[in-house]
Structures are given as C-alpha cells and as structure tokens.
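Biologist: I've just opened this one and would like a walk through its architecture before we discuss details. Please start wherever you like.

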Amino acid sequence: MRIELSPRASVSPIWRAIAPVLAFVTAFLIAGFVIWLMGRSPIAAFQVYVSQPLSDPWALQEILVKATPLALIAIGLSYCFRANLWNIGAEGQYVIGAVVGSWIALKTHGTDAGAWVLPAMLAAGILGGALYGLIPAFLKTRFGVNEILTSLMLVYIAQLVLDYLVRGPWRDPKGFNFPQSVTFDPAATLPPIFDAGRVHYGAVFAAVAVLVTAVVLGRTLFGYRLRLTGDAPRAARFAGFSAKTTTLAVFAISGGLAGLAGISEVAGQIGQLQPSISPGYGFTAITVAYLGRLNPIGILVAALVVSLTFIGGESAQIMLKLPLDLTQAFQGILLLCVLAADALVSNRVRIVSRGGVR
Amino acid sequence: MSSRTLIGALVGAAALAFSAGGADAQQKLKVGFIYVGPVGDHGWSYQHDVGRKAIEKAFGDNVETTYVESVPEADSERAIEQLARTGHGLIFTTSFGFMEPTLKVAKKYPNIKFEHATGFKRAPNLSTYAAKFHEGRYVIGQIAGKMTKSGTIGYVGAFPIPEVVAGINSYFLGAQSVNPGVKLKVVWANSWYDPAKEADAGKALLDQGVDVLAQHTDSPAPLQAAEARGKFGFGQASDMERFAPKAQLTAIVDNWSDYYVARTKAVLDGTWKSEDLWGGFDKGMVVMSPFKNMPDDVKKLAEETEAAIKAGTLNPFKCPIVKQDGTTVECKGNGALSDEQVLGMNFYVKGIDDKLPQ
C-alpha cells in the first residue's frame, strides 16, 4: 500500500483561502496537546503566546521591529525564488549591506557632517548588498556555478569580514579592546517613527518594498518575465527573455533589499557594529518567503506571524516557564502544517493498494 | 457542549490562569535572568542557573525567578525589556554581548535593578560583576606544565576578547613557571557554545601533539575529546568530572550563588547600590574542583598556588610581563599589572606559539 499525491485539475479559491487558517488551528491543537501532556494549561499558553502579544501595544511594536528585516529580506528573496533561482545567502548580503553603510557612519563619526549621512548610509547599504548578491549571480551566468553553494558560502565570508573589522580596524579605541565599533552619532542613526518607541523607519521601507513589489510582479513586463522564467524557462527563452539578465537583476534586487535590512537594523536598532548583528534573519526570511507563498502581501503577513511566534515564545518562557525547545518546536509544527495544507489543497491524496498497476 | 458554553469555559479558565499569576506578584520579588546559551550547556549558562536556583533556595516564597535561555545578542534588548515589563525587580544579564541592550533598558526602567556580567558600562541602577577566572587559569597552567609529556599544551578559545586572552596568558605563565620549555597552541572556536566546533578544535589540537587541553568555551566537548584520546583536560565554568572521569584534572568552577543571593538580599532589604565587583579565589567567586588523576606532588603544588593567590601573595600577572614582540609591559599595578590592564588585555605574552587574531 502506498500513498499517492496527484495534482488537482482545478483548485477551489475558497480552499486556498481557508487552508492557512486550518493549518494554524491544527498547529495550535498539536502544540496544545503537548502542553497539556506536560501538565500545563493549553489555554493559558494560547493566551500568552497569541492573544496577549496582539493586545499589548508594546508587544505589537516589538512584532513590527522583528518583522521589519524579515519582510524586507523575504520580499527580495521572492524575486529570486519566483525565477527559480536559489539565493540562500541573504544573511551575507545583509551583513555586507550593514558593513558598507556603517563605513560612512564611522568615517563621519565625531564630525559635524549633516543630514546627508543617513541617506548616504542607506544608499551604501543597498549598493553593498546588491553588489555582494551579484557575485553568485555573475558566477552562475558566466561559469555556470551553482548559486546555492556560492551564495551560502559567501555568508561565512561576510560574517568573517565583519568579525575582522570589529576586532581590528573598526574597533572602538575606548572599548577596552572589546570587539565593537563606536556607537553611531545621532546623524547616523535611523530615528524611531514614534517618540520613545523602537519601531524605526525600516518598517516604512518594508511597507514600501511590499507595495512596489506587488505592483512590479502583478502589473509589469518585468514581473511577467520573472514568473515565466520560473514556470516555463523554455517559453521565456522563446519570448526573447534573457535568462542571464534576469539572474543578475533578481540577485541585485534581493541583495539590495537584504543590504537595506542590514543597514536599517544597525543604524536603527543596534547603533553600532558588533560581531553578531543578526539572529539569523537571512535564513529565517527563506521560511517567511515560502510561508507567504512568494506573494508580497503573504510575505508581510508571514513576517508578522513568524515574529509573533518569537515574541510569544519568549513570553511563554517568562510567564509560563515553558522551555525554549517547545516554542521552537511550535514554529516547526506551524511551518509543517502550512506546507501540508498547501500540498493537500493543490493535490489529491489516493491510497493505492499493493499490486496495483503501476 | 454548545459553542457558547465552550467560549465561557475558555474565558473562565483563562481568567483563572491569569488571576493566579497576578495575585502574589505584589509581595514577591521577581528575579529574572538572560542566558546567552542553553541552561543545558553544562558550563557557563548552567552555572548561572545554579546561582538562580540558590536564590530560590535561600528566599523560598519571597522570590520568584525566571530565565530566558539562548538569547541571541543582537536580539536581546527585547528579551530584557520583556522581563522588565513583567514585574521583575532584579534582572541579571549574563553575557558580555548584552552590555549595550542592558544599558538601554536600564535607562528606560530606572526603578528596576540590573546586573550585567563581564561588562564595563554602569548606571545608577546597573551594576557589573565578573570573576577573576585567570586566577584559576594560572593553577591549571601549572598542572598542565607538570603533566605534559609531549611538552605541548593546548587551549580552545571562544573569541579573542580580553577576558579570554588574559586567561590564555595566565595559563601559559603558570605552565612556564614550572616547565620553562613548554609550548602552547591555541585554536579559536568563534563561538561560546557549539559542542561540535569545540570538539573539532580540541581534536585539531590533540592531532598537533597536545596532551593537556584547556578550553574557554561553554561545553564539555573539548574535555570529552581529550578523554576519548586518553589525554588530559580541565573542566570549564562547572565541574565536568562526570563527562570525563579519567581526563579531568580539575575544573575552574564559577560560583555565582553567593553573589546572586547577596544581591537579591540587598534588593529585599533596600540596600542595593550600583557597584562593580571583580572577585576571584578571595571572594569565593572562582573555586577549583577537587584535584584528581595527578601525582601527589602536582596536587600539592596546585593547592599551594591556589592558597597563595587566595592570600594575595601570588599574582599571575606579576611584573615583569613581556609581550610576544619582546617589549615589556608597563607595570601599572602594585608589582603586577593593574586591573584595567588585565581587563583590557589584547596581547600574548612571550613564548605563545600563536598569533593573536586582531
């Protein structure tokens, strides 16, 4: 006996819409069962994990802060993934964007450089990320090197470059030799949107990226070209679309947005360069891009949901003393349920008995 | 059950869960901890958690403790603030990388007491504390110098920050004091907690002829590597004898319990003041676990050295200290290097067979 998945001829749009909701309910039921087995109240867990963060202005703000880099990077990745190009190195592009942008902050540190500093940093961050993203794209188009490997390996190089800089040339001379740069001047700091809040203008960049991407993918020739290159490469070639230019373009966009996320985090949140400037945003964003089905609005929602699970998980540790492993397991369960729901909506499941005709 | 009664039951249960949490929060002092690794690292974070449990044991129902584990440094501000917002009156952040975030949150919550381990930035409501681990390093250095047959001893370092570099120097000076021809090899794991990497670093050193291995990372992995090869090693932060009964010669145990209990008592009594404590053998913050697997004369030597450091008659960094490049370090302390010089140490002493990454 085996189980067979065969694609459905037509997929009902209603089911498509309901599937993620069902996935969430299922994930919460599974997690609730585990929590109940541990002798805790699943209802209290749900409260702390979901309802409370969503009803507390502070937590909502923290969700936005965390979702900002995830959404920016994932939006960029969606360009690559739609064209069937696998940029796994957003983490590295994020780091290089942060480094190149910070270079301006450090060069102007202590001077009276004016209002141009911040825009220049952001532009440099985008440029740095884009150029770094172009490396695997160039290697692929010119030499046919697998972009999965090169983009991933470039992550480690980026992290070590950052490590070298904060331990060596860019180290704060007054910092007891600890590996960190000076704290950025106010002119080099991305201000919060609301006074005394933590949500910085990176959130606005993310929102703009979502809107622009929605228009580009849905309404422009470039968007059509991307989808065609991904879904039917041969057809794209017949239509005269160059795979080479597409590859270079999507890697540049993806790297640029990751770079913008990097410099926004450093200038808006951390306020200095240090050896670790990302808790793995570049990798989590891959999950976010797929949870959002590569759709800009979907990605925005997915980024918010994923950051909710981080913040809810932390609350669960603090309020209910639930172990970290459980909250991480929940993220995994959630992702599996969403993917399974997707697969079940677009495929028919048949149980084929043994000995059936192959 | 009708849907209305179900909702009623859910709301009731949730209300119950919350009132139970809120009722006694008024009288109790809530003490929160932020750990950089998992409590199960059996080293650094584990030992802080031992201190947390000591608080619970000492004050029983008068306190409630909470911890958040494996908090990435770039993402820690939110976790610290979440503790501050959930009624914690005393918050310990136990890794160097939490320094800036702790400072930021401390400024925002002037009525909450903060304690940051191993940092140097203080505020009226932010204390710092650390332990003179290098005192223990000198003792194990002497043991290593005596126990090595190959004449080459090894060291797995986490990051080349002053605390770790001072430990390496102290270890080497101890070894050199009993074995002038001894050689020291260093490998960097570039992580505080990564058992696989730590084990690889340990094996790399053993492959190079090292027969006594010390480490400044958080897991027992390097010690276990020594045990597997029939060589010797030391426990780090915690007594790790159960992981390597034949290999562990002794362990440098971080004893935070007394300090944590004292600081909690100070908050309860209303006598808490912001201060900076750097204690070693004298304050009981660094303790050697029983000396084992070594001849009696080595054991006697180690015990005498420990006693001499404790009494203040021996300082591991007694002048003259000569750098790798042959220059002598200016002696700013009383016959030894000053505390500031040790806390900001970024050079190797002469004779170490490695180049300090900078």
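**Sheets, domains and chain contacts**

Modeller: In chain B, six strands form an open sheet of mixed pairing, in the order β7-β6-β8-β9-β10-β12, where two strands pair if DSSP finds at least two bridges between them, and where helices (H or I, at least four residues) and strands (E, at least two) are DSSP runs numbered from the N terminus. This is a predicted model, in which local features need pLDDT of at least 70 and side-chain atom pairs count only at pLDDT 80 or more, while totals for chains, interfaces and linings use all residues. Residues are numbered from 1 along each chain as its sequence is written, and chains are lettered from A and ligands numbered from 1 in the order in which they are written.

Biologist: Which strands stand at the edges of that sheet?

Modeller: Those are β7 (183–188) and β12 (286–288) of chain B, and each has a single partner strand, so one side of each lacks a neighbour in the sheet. On average, neighbouring strands are turned by 20 degrees against each other, direction ignored; axes here are lines fitted to C-alpha atoms, for helices over the stretch in contact, and angles run from 0 to 180 degrees between N-to-C directions.

Biologist: And β10(B) with β12(B), parallel or antiparallel?

Modeller: Antiparallel: strand β10 (residues 248–254) of chain B and β12(B) pair over three bridges, and B:Val253 has B:Val287 as its bridge partner in β12(B).

Biologist: What about β8(B), buried or exposed?

Modeller: Strand β8 (residues 212–216) of chain B is mostly covered, with five of its five residues buried; a residue counts as buried if 20 or more other C-beta atoms, placed from the backbone, lie within 10 Å of its own, exposed if 12 or fewer, and partly exposed in between. B:Val212, B:Ala214 and B:His216 lie on one side and B:Leu213 and B:Gln215 on the other, and both faces are covered. In a regular strand the side chains alternate between the two faces of the sheet.

Biologist: Who are its partners?

Modeller: Strand β6 (residues 152–157) of chain B pairs with β8(B) in the parallel sense over five bridges, and B:Gly154 has B:Leu213 as its bridge partner there. Strand β9 (residues 232–237) of chain B also pairs with β8(B) in the parallel sense, over two bridges, with B:Phe232 as the bridge partner of B:Val212.

Biologist: Which strands does α5(B) lie across?

Modeller: Helix α5(B) lies across β6, β8, β9, β10 and β12 of chain B, and its direction is at about 175 degrees to that of β10(B).

Biologist: How is chain B divided into domains?

Modeller: Domain 1 covers 27–132 + 256–279 and domain 2 covers 133–253 + 286–343, with bounds that come from an automatic or database domain assignment. Taken over C-alpha atoms, their centres are 28 Å apart. Between them, 14 residues of domain 1 of chain B are in contact with 16 residues of domain 2 of chain B, contact meaning that the C-beta atoms, placed from the backbone, lie within 7 Å. Helix α2 (residues 44–59) of chain B gives the most to the domain 1 side, with four residues.

Biologist: How many residues does the contact between the chains take?

Modeller: It takes 31 residues from chain B and 24 residues from chain A. On the chain B side, α1 (3–23), β2 and α3 (76–85) each supply at least two residues.

Methods. Contact = placed C-beta atoms within 7 Å.
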